[in-house]
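This report covers a sheet and the helix beside it, then a set of aromatic rings. The model is predicted.

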Amino acid sequence: MTDQTDRPAAVISGYFLDTEDEPRARRARDAVQLGLGLLLVLLALPDNIQIGSLQDAIQRVALALPGWASLFFWFSYALAAVYALAIVAGFLARARRNPSAARDIVLAVAGAVALTFLTMQWSEGVWPPLSPEFGGEIPEPRFPILRVAVVTAVVMSAMPHVTRVLRILGIVMVLAAIIAGLGLQFGYPSDAIGALGIGMISAGAVRLGLGSPGGFPDPAIVASALAQLGVVVDGLRPATDQSWGTRRLVGHGADGSEIVVKAYGRDAADTQWAAKMWRALWYRDSGPAMASRLQSVEHEALIALFAARAGMSAVEPLTAGLAGDDVAILAVRRDGSALAGLDPATVSDSLLEEVWEDLALLHRADIAHGMPGTETIMITPGGHVFGDFAAGSLGAGDRIHMDVANLLFSLAAWDGVERAVATAQAGLGDERLAATLPYLQLPALDRRVRRQQAKPKNLIKELKEAVAAATDTEPPDEVKLRRVSAGSVLMAVLILVAANALITQLAGIDFQAVWAVVRDASPLGMLLALGVAHATFVAEAAGMIAAVGRPLPLQPVTVLQLSARFIGLAVPSAAGRVAMNSAFLVKFGVSTTAAVVQGAIDGISGFVVEALILIVGLMFIEGSFDLGGDIDWQTILLIAVAVVAVGVAVLFLVARLRRAVLPVLRDALGSVTSVLKDPRRAITLLTSNFLARLSLAVSLWLILRSIGVETSVALVLVVTVATNLLAGLVPIPGGIGVAEAVMTSWLVLVGVPETSAFAATIMYRMWTFYLPAVEGFFALQWLERRDYL
């Protein structure tokens, strides 16, 4: 590490950095900061309009604090202002040397003050006090707190231009201003949160609009640090290829060889964190573990040394260490030219095969390169050298296959699919190459590798077909690398919809009255309801046996229905239940096809039973529903027919939809036809499905009777079936939230008081879904112990 006196004048002060000559860029983190600030303001606004009990409680705590605490808050609040003024003054004093930094600070402060003044005028019609701690009277809490907004703007906008000491101290000052502002009763927590958001908006807008320095080190600092580490590099200059957070410099050593230096600047940790969080959000493999700047260069050097020990031709690390407080450096000796920059005609197939063999040596040592490609492979007079092990890992596991996928894609983008596959086959062998097929997908590719092709999906498809043909292998299913898909995003949205439905339902409920209803309920009636609810599983088991069409033991089939409640939560899709049923039925000699068809038969028969219950129920007990007027059944029938007609038309007009749906409909129709040919089987199937619905209805009826609500079983049957159908339209596991809201609404429609309706719904869901889901876990263990699964 360099001594303070050895540093260039750029950082001689120890506090401010000379960033005037550094390239500026608009960074994603600045946009995130701006968006987060806006979110904080939006979250704070409703609480400012209506102060909640939590904020009142915090304010009361502040009032109860002893006198010495107020003195401490007063000092902290003033100190935050002094710090902000000192930073602004420091930049203004250095304005001739670093005018861009001074401009950024002034604009951020002006923006924070303007936004605070405008917000306070809009929300309360007053101007904020500039120094309330020096006033004789404590002002009323105001939204937002000016001091917090200004200090935040100063600290956030100064981040790229100051050393680590001032950056850490700045964060402390922001926290001090927030806590002291609350302690001195200058605002509520929402006022402080809104002010924090305004400061972030102001600084983020300046940095996003004008760009900010990259946090890259000065070449003179790097050269000085390298000399102290025993490596002399002359002519150090920025390389043409750069990336966020890491600055690449090139120079030459005493022997004339090319030296490449990677310098991890202040942005490196932020970039690494953002990349890891993004990958963790979207993909199952979040990549290498988080590391400090020094750990990052040490890690890359270590992987390169292990790669060489495994027999791979790898770059030679010369040194790794620190250059000042903010920069970590790695120097490697590099020979030759990147494969990406060479004419494919000048590179022989034998050389590419050696590249693949070299990669195989690395993988035999259970080491992954992380991002092998034409940009990280150097062609030398004596052969080739692998470089850039920043994303490498020991104990690599599946990342070995991702290595092959990356290099295969990169070579295909460089000189075509045929040559890439042929050389990989020669260097790896059929088995290793075929094992890569499930990993040939976009999530497996490094960002830099993916950018080599304008349409990467098309190239991946060609590679899959070529690899499958070359190895005589059927393309398997892709490995699930992506954590988030369009379906999972839709599921999250639907869960929010369900939560909103439940919260809306809960908003008007008097929970004390609900508890009083449950407390006064008949215990015997509740226990009977629980028993009848569990009888549903016996009826469902009988339906499954009828759908299969062969004798099965009733006890394990009944336990299977119970375990399905748990599977429905653990694996929120029909796939989990289908897989479990198939595994169970195969144990009894049922073919896999028949096991899958069983689910369709049972589902169709259940839908038919529910539709008949609804039609008959709504026609004969119409008067029991308070629907606000007469029902025009003719209009409803016409609408239903129109919807079906439009659906059929779309099905036949859209070829892709037709190809996907018609085979399923044919199989389902064939299955139903086979059941109808056996009257006993058909009657058993329909009866068991009806008894399952009836058991649920009787359970709800008993719960209603237990809390003193008189109604008919037929009416409750319609309510339970309608709830099941409507809640099933939203694909949320178990209909959580939606089912509660829908059933409560239906019960209110049939004349049940709202408090009693909600209490009955909660107990019904407890008996028929939540408790069985817990029991289902133990049922699953029971089936596994007895080798039924």
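## A three-stranded sheet

Strands β8, β10 and β11 form an open sheet in the order β8-β10-β11, and their pairing is antiparallel. The edges are β8 (337-338) and β11 (383-386), each of which pairs on one side only. Strand β10 covers residues 377-380 and is joined to β8 by 2 bridges. In this antiparallel pair, Ala 338 stands opposite Met 378 of β10.

Strands of a sheet pair through backbone hydrogen bonds, either parallel or antiparallel.

## The helix on the sheet

Helix α11, residues 349-364, packs on this sheet and touches both β10 and β11. The direction of α11 makes about 35° with that of β11.

## Aromatic pairs

The structure holds 5 aromatic pairs. One of them joins Phe 769 and Tyr 770 edge-to-face, at 5.0 Å centre to centre and with 80° between the planes. Phe 769 is buried, because its relative accessible area of 9% is under 20%. Tyr 770 counts as partly exposed at 29% relative accessibility. The charged end of Arg 765 sits over the ring of Phe 769, 4.6 Å from the ring centre.

Phe 777 and Phe 778 form another edge-to-face pair, with 5.3 Å between centres and 80° between the planes. Phe 777 is partly exposed at 35% relative accessibility, whereas Phe 778 is exposed, with a relative accessible area of 55%. Ring pairs also bring in Phe 566, linking Phe 566, Phe 777 and Phe 778 into a cluster.

Notes. Residues numbered from 1 in each chain as written. Predicted model: local features only at pLDDT ≥ 70, side-chain atom pairs only at ≥ 80, totals over all residues. Heavy atoms only, no water. Pairing = 2+ DSSP bridges. Helix = DSSP H or I, 4+ residues; strand = E, 2+ residues; numbered from the N terminus. Contact = heavy atoms within 4.5 Å. Axes fitted to C-alpha atoms, helices over the stretch in contact; angles between N-to-C directions. Phe/Tyr/Trp six-rings, centres within 6.5 Å; stacked < 30°, edge-to-face > 60°. Buried < 20%, exposed > 50% of the residue type's maximum accessible area, 1.4 Å probe, protein only. Lys NZ or Arg CZ within 6 Å of the ring centre and 35° of its normal.
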